[in-house]
Protein chains: 2
Amino acid sequence: MVRRSGRRPGNQDTRQSILDAARSTFAEKGFDGASIRAIATEAKVDPALVHHYFGTKDKLFLQSMNMPVDPAELVPKALAGPREEAGERLVRLVLSVWDSPAGTAAVALLRSAMSNEWTARLMREFVVTQVLRRAVRELGLPEEEAGLRTALVATQMAGLAVVRYILKVEPVASADPETLVRAIGPNLQRYLTGDL
Amino acid sequence: MVRRSGRRPGNQDTRQSILDAARSTFAEKGFDGASIRAIATEAKVDPALVHHYFGTKDKLFLQSMNMPVDPAELVPKALAGPREEAGERLVRLVLSVWDSPAGTAAVALLRSAMSNEWTARLMREFVVTQVLRRAVRELGLPEEEAGLRTALVATQMAGLAVVRYILKVEPVASADPETLVRAIGPNLQRYLTGDL
DNA sequence: CGTTGAACTCATCAGTTGTTGAAATCTTGG
DNA sequence: CCAAGATTTCAACAACTGATGAGTTCAACG
């Protein structure tokens, strides 16, 4: 490969700051609500530069969802250990992920999935194939119940996310994580291993 | 009051069909995603006619949320009877409301509240003052726990709505109501009267 | 009939959206 | 210095949004 002349790729800060602005704006307003211009403004950058780096808005969204959160290692981590405490461990783990910077992407995806078909498919695919399916295998539940049990877990976790991060209803919005773990953990436990 | 001459208000069908189109379109796409033009098209009507009847988009939304669902009578109905079965009764009642035509408005409000600040405030106000506050009084819970308990109930119900009506994740989306009552009822029961 | 006023339509406004292509700016290698 | 080429900006596009106001149609009343 012959080295060509010319300016070498310079300030990568801009690209990253666009990505950050995109993530937080998508999380605040959802996919449709977040305009390229608004993202560009928050990144202190020209709107056209966003397209220069990322092409279409779709691609920008996909890139900004690309986060160091790997369900392949997180799911086993949550389910490892005594089966009777899986519920509490699950709430604790999920809250720690969502409260972290990487969680902003998850909130953005959830919020967008509520009003945009495209992102809804994206999220369904991710949740079903990357999270729920893995959980089913890990738990070794009978095929019959597995689908319902994990979907019920999903309802409780989705509701927690909606109320805490999107609707921000008190006292859940600013509750201490451990309070929520104690309150919600046992209910998840019942969905996982209890009588239905 | 002197009766004036001129054409009397005629075909009220149009007004109602606009209202129906608005409700279903808001439910499908949310407040921002549903355009006046799309609503008018579905109602087979000129876009300007929508403004003629309802003024602004905001007012149209408010009108289309005006439904014969009165929390003042529904909340007591759900909580009356043996305290130990309140959880199951609650799930059953809420599902019957949401699965009815009137439920379309509720789905529209929930979906809109996810990406639009204005509708989010609207929904928070409604849920907190009309539903949760009533439930607290009806249950006669100690002031301290009441807020957390009812908010936890809200997380589970919101999650159920999101998964069943918005994300439409199986098998919850098309599950028999009584299956969900048996599965979720006891968990609500714990939020209401159990140990936290 | 003829007038009144509601029901309805048409054309259009101003603003925002995603996206594009040409041009300007600037850093670097030769 | 000079030219290459990446970075960044400007201006503009077509499509869409909510909204307005003037104009047309038409049923009902006197």
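Predicted model: local features only at pLDDT ≥ 70, side-chain atom pairs only at ≥ 80, totals over all residues.
Good morning, colleagues. I shall begin with chain A. Its secondary structure comes to 10 helices and zero strands. Read from the N terminus, the elements therefore give a simple pattern, α-α-α-α-α-α-α-α-α-α. Along its principal axes, the C-alpha trace of chain A spans about 65 × 45 × 30 Å. Chain A has 196 residues, and 40% of them are buried. As to how the chain folds back on itself, consider the contacts in chain A between residues at least 6 apart in sequence: 66% of these join residues at least 24 apart.

Let me turn to the two chains together.

The interface itself comes next. In it, 33 residues of chain B are in contact with 34 residues of chain A. Which helices of chain B each supply at least two residues of the side that touches chain A? They are α1 (13-33), α7 (103-113), α8 (117-139), α9 (143-166) and α10 (177-193). The most is given by α9(B), with 14 residues. By class, the side of chain B that touches chain A divides into 19 nonpolar, eight polar and six charged residues. Furthermore, 100% of the interface residues of chain B are also interface residues in chain A, so the copies meet through the same surface.

Leaving aside residues up to four places away in sequence, B:R124 touches A:L167 and A:V169.

I now come to helix packing. Two packed helices are described by the angle between their axes and the distance between the axes. In chain B, helix α6 (residues 86-99) and α10(B) pack at an angle of about 130°, with their axes 6 Å apart. That makes α6(B) oblique to α10(B). Their crossing is right-handed. On the α6(B) side, the residues making the contact include B:L90, B:V91 and B:L95, and on the α10(B) side they include B:L180, B:V181, B:I184 and B:L188. Taken by class, the residues of this contact divide into 11 nonpolar, three polar and two charged.

A second pair lies in chain A. Helix α5 (residues 71-79) and helix α6 (residues 86-99) of that chain pack at an angle of about 140°, with their axes 8 Å apart. Here too the description is oblique, for α5(A) against α6(A). In this pair, A:L74, A:K77, A:A78 and A:L79 of α5(A) meet A:A86, A:R89, A:L90 and A:L93 of α6(A). The contact has six nonpolar, no polar and two charged residues.

Finally, some points of backbone geometry. Most residues other than glycine have a negative phi, and most peptide bonds are trans. Where does the model depart from this? The peptide bond from A:E170 to A:P171 is cis, with omega near 5°, and A:P171 has its place in the loop between α9 (143-166) and α10 (177-193) of chain A. In chain B, the bond from B:E170 to B:P171 is likewise cis, with omega near 5°, and B:P171 is found in the loop between α9 and α10 of that chain.

As for phi, A:K168 has a positive value of about 55° although it is not a glycine. A:K168 is also found in the loop between α9 and α10 of chain A. It is partly exposed, with 13 other C-beta atoms within 10 Å. A:K44, again not a glycine, has a positive phi of about 55°. This residue is found in the loop between α2 (36-42) and α3 (47-54) of chain A. A:K44 is exposed, with 10 other C-beta atoms within 10 Å.

That concludes the presentation. Thank you for your attention.

Conventions:
Residues numbered from 1 in each chain as written. Chains lettered and ligands numbered in written order. Contact = placed C-beta atoms within 7 Å. Helix = DSSP H or I, 4+ residues; strand = E, 2+ residues; numbered from the N terminus. Nonpolar A, V, L, I, M, F, W, Y, C, P; charged D, E, K, R; others polar. Axes fitted to C-alpha atoms, helices over the stretch in contact; angles between N-to-C directions. Parallel < 35°, antiparallel > 145°, perpendicular 65-115°, else oblique. Left-handed = near helix turned anticlockwise from the far one by under 90°. Buried ≥ 20, exposed ≤ 12 C-beta atoms within 10 Å, placed from the backbone.
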